[in-house]
Structures are given as C-alpha cells and as structure tokens.
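Hi,

Here is the structure I said I would pass on to you.

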Amino acid sequence: MKLLVVGGGGREHAIIKKLKENPRVETVYALPGNGGIARDAVCVPEIGARDIEKIVDFAKSHSIDFAVVAPDDPLALGCVDRLHEAGVPCFGPDAKAARIEASKVFSKNLMKKYGIPTARYEVFDDPARALAYLRSGVSFPIVVKADGLALGKGVLIPQSLEEAEAAVRSIMEDKAFGDSGNQIVVEEFLTGPEVSVLAFTDGRSIAPMASSMDHKRAGDGDTGLNTGGMGTIAPNPCYTPEVAAECMEKIFLPTLAAMRAEGCPFKGCLYFGLMITPAGPKVIEYNCRFGDPETQVVLPLLKTDLLTVMRAVENETLGDLQVEWSDGAAACVILASGGYPGSYPKGKEITVPADLPANVTVYHAGDKLTADGKLVTSGGRVLGVTAVGETLRNALRDAYAAAERVEFEGRYMRHDIGKRALRALEG
C-alpha cells in the first residue's frame with residue numbers, strides 16, 4: 001500500500017512510524033514532512049499542509065491507497081472532503097465535523113444544547129458588549145477564547161478585570177489572531193486535574209486511547225508562558241476507571257450522538273480536553289485530530305495495528321474491532337530551541353545518538369535537512385524523546401537519559417515532566 005500523511009511535525013512522525021509497522025505498507029509520503037521524517041517517509045516539502053488542491057492532485061497522481069490528514073487547518077479547510085471526492089480513502093473528519101474544534105462557539109453551543117458538561121459561558125461578537133459583561137461583576141480568573149483556530153494560542157486566562165479587558169481588545173479589536181477573533185467565548189474558570197483523552201470514532205462506535213497528561217508551561221513548576229506542550233505522559237493517573245466510565249456515559253457517547261443529530265457525524269480522532277472538577281468531569285475543549293505531543297506517548301502504547309484501526313474508522317466498522325493497549329507507561333520530553341515560545345535561533349546542527357535503547361524513540365518536529373545532509377533546527381519544539389516502560393518512573397528515567405544525550409546549541413527542556421503524575425500514583 002502507498003500511504004499519504006498530511007503534516008510535518010512530531011505528531012505526524014509518530015503516526016508515520018506506527019503506520020509503517022503494518023507489513024503491507026510499501027511507501028509513506030509526508031506532505032510536507034521534515035528533516036527527521038525524511039528517514040521514515042518520502043517528504044514532499046514543496047506541498048504545504050494547507051495546499052489542499054496540490055495535496056489532492058498528488059494523491060491522485062501517485063495512486064495513494066489511504067491518506068491521513070493530521071493537522072487542524074487542512075481538516076477545517078475540507079481536505080478530507082476533497083480527497084473523498086477524488087476517490088481517496090482517508091482518516092479524518094470532514095469540514096462540517098471539524099467545526100467542533102474550528103469554532104469554539106459551535107462546540108460550546110453544541111454542549112449546551114445536548115447537556116454535555118462544560119464551563120458556563122457567554123458568546124460575544126461585539127467588543128463593547130464583551131467589556132460590559134466583564135464589568136458586570138464576574139469572578140476572576142476567567143477564560144477568554146477566540147472562536148476560530150489560532151495555532152493553539154487563542155485561549156487566554158486573565159486574572160483580573162484589567163487583564164480581561166486587555167484580552168478582549170487584543171483578540172477582537174487588534175485582531176491578534178486575525179478573523180479567528182471575530183467572535184469570542186468568555187467562560188468560567190474550572191479547577192481540578194486536566195486529562196487529555198484521544199479517541200478513535202467512526203461516528204457511532206468509539207475506542208478511547210490511553211489517557212495522557214500534557215505540560216503546557218515553558219518552565220519547571222508550570223511557570224512561564226504557555227507553549228504547544230513541553231512534554232506528556234500516559235496513562236494519566238487522574239483518569240481512573242470510575243472517571244472513564246462517567247466520561248463515556250456523559251461526554252463521549254453524547255458528543256457523538258449530538259454530532260449525528262446536527263447532521264455532521266464525526267469520523268477520525270476526536271480529542272477530549274477534560275477537567276476533573278469537584279462536580280465531575282467537564283469538557284474544556286474538543287480537538288478534531290490527534291494532539292501534539294500527546295500522540296507521541298499514546299501511539300507507542302497501541303498494540304492493535306494503526307492502519308487497521310484507521311481503515312475501520314473510514315469504513316465505519318470500528319465496532320467490530322477490538323482495539324488493544326499495552327499495560328505499561330510512556331513519557332515524552334520535548335527538546336526546544338532556547339527562547340521558545342518567544343523568538344529563537346534556527347539552523348543549529350542536531351546530533352542524535354545512533355545507539356539509543358530499543359524502548360526510546362526520537363520524534364522529529366521542528367527540524368530540516370540542509371543541502372549537504374545535516375539535520376538542523378527549524379522550529380521552536382525541535383524533538384520529542386519518548387520512552388516506554390513497565391512503570392511511569394521507568395519511562396521517565398529512560399526518556400530523560402536519552403534526552404540528555406541529544407545535542408544542539410541552545411537546547412532547552414523542562415526537568416519535571418511527569419512529577420505531578422508520580423505524586424498522584426505514589427501518594
């Protein structure tokens with residue numbers, strides 16, 4: 001089989017590596033891919049993830065048997081719709097279903113209409129009305145979200161009225177996130193442990209993946225600016241069997257039913273960002289695709305063949321498949337460029353040891369190959385070093401030992417990934 005994966009980050013590298021475990025896979029094309037992915041797939045750097053027509057033309061001209069559309073932008077732009085029109089089977093939601101992430105207003109209204117637990121909220125398309133609401137005696141901190149996609153940066157958590165007013169003006173008047181800020185959602189601030197649960201679904205059946213815990217802040221101790229994620233662990237010890245059962249009954253299945261009722265059944269990977277509040281689990285956000293870097297700890301624990309699962313989703317036969325997971329744990333440490341998530345240098349040569357242990361995988365996110373074949377940095381989050389172990393402590397030990405051996409100028413990592421989870425596990 002010839003496969004095509006749209007995207008070029010660590011998430012896509014993890015997907016590609018897992019797909020290649022299927023002996024029927026002959027070639028994987030990555031559009032655009034990156035320097036490290038080039039060792040596992042044929043990269044096509046001249047076709048970007050948003051170049052929908054070029055992606056479709058490539059799939060047709062190369063007789064692609066199955067495609068995976070991984071990032072949010074091409075999903076929201078209808079890449080899956082166009083591939084299907086061209087007769088290419090693929091994994092991912094169509095544009096109507098991708099609204100569950102592409103529009104915060106759509107997803108919040110969906111949850112309200114169908115009684116899916118989430119934070120109380122208000123929607124505004126006029127900054128003056130939003131400011132008046134903030135001045136009406138709401139409590140802080142509060143959450144302000146741009147409606148549309150904003151590279152994961154469209155959520156602000158003001159601690160005071162002054163900060164909230166500044167957030168509204170930045171999003172709605174200064175257009176910090178472009179047209180994504182034409183509408184905003186203002187919602188109550190929830191407290192409790194956060195859990196990420198990715199799930200395979202064909203629109204009716206659902207197969208949740210191993211739960212995970214992300215670490216968004218740039219600095220140790222959850223300090224510093226928000227990032228795309230500085231590390232992850234799986235499974236999340238806060239996600240007990242009891243919580244999982246409640247989420248299935250009150251959140252997962254009702255969400256699928258709501259999407260069907262709205263005429264936009266969801267097929268693909270549905271990401272549930274959850275908060276385990278004192279009143280029970282609630283949805284913070286939905287994503288219409290695999291998370292990054294959650295994918296880098298979840299897929300290594302998948303025992304069932306990934307391509308088989310994805311084809312079952314496409315064919316709407318997921319309910320006939322038993323999706324199995326390993327009993328162990330996984331940990332991913334992100335190696336970032338110094339200065340991230342602010343400005344950072346690029347073009348620093350990367351050295352990855354060739355003799356890393358078999359339980360360690362290095363996923364490439366922000367790097368490229370030079371004309372003379374050297375691997376150099378090209379992004380903020382450069383690499384994800386993942387280890388699998390019998391226990392979380394073992395996985396973290398091996399991930400950090402390997403991460404310390406990877407070298408590039410300005411390399412930066414957090415040193416406390418998984419500490420909260422270990423405290424939860426070990427009391």
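Let's start with a term: a cavity here is a set of points, on a 1 Å grid over the protein atoms alone, where a 1.4 Å probe fits but cannot get out, and its lining residues have an atom within 4 Å of a point. Grid points are joined across faces, edges and corners, and a volume is the space filled by probe spheres set on the points. With that in hand, the second largest cavity has a volume of about 30 Å³.

Before you go on, note that this is a predicted model: local features need pLDDT of at least 70, side-chain atom pairs count only at pLDDT 80 or more, and totals for chains, interfaces and linings use all residues. Residues are numbered from 1 along each chain as its sequence is written, and side-chain values use heavy atoms, with hydrogens and water left out.

Back to the cavities. How many of 30 Å³ or more are there? The count is two. For the classes, Ala, Val, Leu, Ile, Met, Phe, Trp, Tyr, Cys and Pro count as nonpolar, Asp, Glu, Lys and Arg as charged, and the others, Gly among them, as polar. This lining then splits into four charged, three nonpolar and one polar. Helix H6 (104-114) and strand E17 (280-287) each supply at least two of its residues, and H6 gives the most, with four. (Helices, H or I with at least four residues, and strands, E with at least two, are DSSP runs numbered from the N terminus.)

The largest cavity holds about 50 Å³ of space. Its lining has 10 nonpolar residues, one polar and one charged; among them are Ile-15, Val-68, Phe-91, Gly-92, Cys-269 and Arg-289.

Now follow H6 to its neighbour. H6 and helix H9 (residues 241-261) pack at an angle of about 105°, with their axes 10 Å apart. Axes are lines fitted to C-alpha atoms, for helices over the stretch in contact, and angles run from 0 to 180 degrees between N-to-C directions. The two helices are therefore roughly perpendicular to each other (65 to 115 degrees; under 35 is roughly parallel, over 145 roughly antiparallel and the rest oblique). Phe-106, Leu-110 and Tyr-114 of H6 meet Ala-258, Met-259 and Ala-261 of H9 in this contact, where contact means heavy atoms within 4.5 Å. By class, the contact has six nonpolar residues, no polar and no charged ones.

E17 has its own story. It belongs to an open sheet of four strands, in the order E11-E10-E16-E17, with antiparallel pairing. Two strands pair if DSSP finds at least two bridges between them. E17 and strand E11 (206-208) are the edge strands, each pairing on one side only. On average, neighbouring strands are turned by 35° against each other, direction ignored. Strand E16 (residues 268-277) pairs with E17 over seven bridges, and the bridge partner of Leu-274 is Val-283 in E17.

Last, some backbone details. A cis peptide bond joins Leu-31 and Pro-32, with omega about 5°, and Pro-32 sits in strand E2 (residues 27-32). The bond from Asp-292 to Pro-293 is cis too, with omega near 20°; Pro-293 is in the loop between E17 and helix H10 (295-298).

Cheers

Definitions and conventions: 1 Å grid on protein atoms, 1.4 Å probe; cavity = no way out; pocket = protein on both sides within 12 Å on 5 of 7 lines; lining within 4 Å.
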